[in-house]
Amino acid sequence: MTRYLQKPSPNFDARTRPIDLVVLHYTGMQDAEIALARLTDPSPVAGHYPGPWQSDDVDASAPLSRVSAHYVVDEAGQIYSLVPEEHRAWHAGASSWEGDGDVNARSIGIEIVNGGHDFGLPDFADAQIDSVIQLLKDIFGRWPELSPKRVVAHSDIAPERKADPGEKFPWKKLADAGVSIWPEHVAVQLDNDDPVSAVQQQLSFIGYGVKQTGYMDEITKASLIAFQRRFRPSDMSGGVDDETRYLLIALGRMVK
Ligand SMILES: [Zn+2]
C-alpha cells in the first residue's frame, strides 16, 4: 500500500459527475513547499507566491484564485493527499475534453512538483515518476472506469492556455509501465486531399476541443502543439507533417 501524507486543502466542492479522467500537471512553482502552500491556501494573494503576477504592475496584495489538486507528488517521490477523490478539486480551470467543459467535475488532478517553463524546465526525477506510476495504479484500482487511456495532460484539455506537464514529461515511460498510452507507427495510406480537415477530425475524435473548419485556426494549431508536446516532443511546431498524421491515426485507434 502506497503511503500518502495527508495535507488537507479547503479548496474543493461537491462533484457533479462520475469520475472518468485523470489530469496530470506540473506545479510550475519554485519548490514543493510553495506549491503546497498555494494549493491549500483559502485566500491566496499575489505577493506570497513567486510567479508572473509578481511583475511590477501587479499589486502584491491582489487576490489569486483558489486552486487545489487531489494529489501532489514531490521530487523525492513523496505523495501528498490534499483533496479526497470523492470531491471536486480545482485544478483544470477553463478546459475541454470530448466536448465537455467541466473537467474538474469528472477528473482526478495530480500536481507533479516541477518548476516548469517559468523555472528552467528541469528534468523529472526517476523517484518522482515511479511514485506517479504507483499513484496511477492505485487510482485505477479504486475506480474501474479509469484506465491508461483516460490519463491526459493539462495541456491536452487547455491547449491555448497551458503547457504542463511539459515536453520533458516521460509519457513513454508511463505507457511502458501500463498507466498511459503511446501511439505506435501504423501502416496506412494518408489521404492528401484535405489534410487539415483530416487532422481536425482526428484531434476531435481523440478528445481535443477542435472544430472541423477546414483551415488552420488557433485552437487547431494549439491542439496540434499539445499533441506533439506529448507524443513527438522533438518537433512541436504545430505543423501538419506526415509523422504527426500517422501518430494521430495510431492514437485514435487506441483511445476509443
Ligand atoms: Zn496544470
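1. The protein is divided into two parts, domain 1 covering residues 4-176 and domain 2 covering residues 195-255. This is a predicted model, and the points below should be read with that in mind. Taken over C-alpha atoms, the centres of domain 1 and domain 2 are separated by 24 Å. The contact between them draws 12 residues from domain 1 and 15 residues from domain 2. On the side of domain 1 that touches domain 2, the residues divide into 5 nonpolar, 2 polar and 5 charged.

2. The next point concerns the sheet. An open sheet of 6 strands is present, in the order β1-β5-β4-β7-β3-β8, and the pairing within this sheet is mixed. Its edge strands are β1 (4-6) and β8 (151-153), each of which pairs on one side only. From one strand to the next, the twist averages 30°. Helix α1 (residues 32-39) packs on the sheet, where it touches β4 (71-73), β5 (79-81) and β7 (107-112), and the direction of α1 makes about 175° with that of β4.

3. Several of the strand pairings can be followed residue by residue.

4. How many of the residues of β7 are buried? The count is 6 of the 6, so β7 is largely enclosed by the rest of the structure. Ser107, Gly109 and Glu111 point one way from the strand, whereas Ile108, Ile110 and Ile112 point the other way, and all of these residues are buried.

5. Alanine 32 deserves a separate remark. Is alanine 32 buried or partly exposed? With 19 other C-beta atoms within 10 Å, alanine 32 is partly exposed, because a residue counts as buried if 20 or more such atoms lie within that distance. Leaving aside neighbours within four places in sequence, alanine 32 is in contact with Asp74, Glu75 and Val113. Between alanine 32 and arginine 3 there are 29 residues of separation in sequence and 18 Å in space, taken C-alpha to C-alpha.

6. The last point turns to a pair of helices, α6 (residues 195-206) and α7 (residues 218-231), which pack at an angle of about 65° with their axes 11 Å apart. The crossing of α6 and α7 is left-handed. Val199, Gln200 and Leu203 of α6 make the contact, together with Thr220, Ser223, Leu224 and Phe227 of α7. The residues of this contact divide into 4 nonpolar and 3 polar, with no charged residue. On the side of domain 1 that touches domain 2, by contrast, 5 charged residues are found.

Notes:
Residues numbered from 1 in each chain as written. Predicted model: local features only at pLDDT ≥ 70, side-chain atom pairs only at ≥ 80, totals over all residues. Pairing = 2+ DSSP bridges. Helix = DSSP H or I, 4+ residues; strand = E, 2+ residues; numbered from the N terminus. Axes fitted to C-alpha atoms, helices over the stretch in contact; angles between N-to-C directions. Contact = placed C-beta atoms within 7 Å. Domains from an automatic or database assignment. Nonpolar A, V, L, I, M, F, W, Y, C, P; charged D, E, K, R; others polar. Buried ≥ 20, exposed ≤ 12 C-beta atoms within 10 Å, placed from the backbone. Left-handed = near helix turned anticlockwise from the far one by under 90°.
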